[in-house]
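I opened this notebook to record what I looked up, one topic at a time.

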Amino acid sequence: PALAEYFKRWAKEQTSPYVLKEAAILFESGSYKDCDYIITVTAPEEVRIARVMARDHCTEAQVRVRMSQQWSDAQRIALSNAVIENIDLESAKEQVKRIHFQLCQSL
């Protein structure tokens, strides 16, 4: 709760056209309800598993347990305004640029 309050205060102080909030469990926590625009970043399951195993030095089984406790891509995407497919960096950058342009046009 303290971090959520801090973020709200911080966001109000910003002068940029928009602020981003990164949250691994945005939907599970219910904080998505406080967002005006939601971008889901996803990748194929096998890619996500490999990335988490490399980052956290854990097993595939451990990653799958975590994933089973999270919303599915389909659930998140259904409540999202945009989706970024994070398969390779250059493609992801282009998708981010398009979304940024759309957001700036709508403000």
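Entry 1, basis. I am reading a predicted model, in which local features need pLDDT of at least 70 and side-chain atom pairs count only at pLDDT 80 or more, while totals for chains, interfaces and linings use all residues. Residues are numbered from 1 along each chain as its sequence is written, and side-chain values use heavy atoms, with hydrogens and water left out.

Entry 2, fold. I looked up the secondary structure and found six helices and two strands, where helices (H or I, at least four residues) and strands (E, at least two) are DSSP runs numbered from the N terminus. Along the sequence I read the order α-α-β-α-α-α-β-α, and the C-alpha atoms fill a box of roughly 45 × 35 × 25 Å along the principal axes.

Among contacts (heavy atoms within 4.5 Å) with a separation of 6 or more, 53% come from residues 24 or more positions apart.

I found 14 positive and 15 negative side chains, with the centres of the two sets 3 Å apart; Lys and Arg count as positive, Asp and Glu as negative, and His and the chain ends are not counted.

Which element gives the most residues to the lining of the largest pocket? I found that α1 does, with six residues.

Definitions and conventions
The place of a charge is taken as NZ of Lys, CZ of Arg, CG of Asp or CD of Glu.
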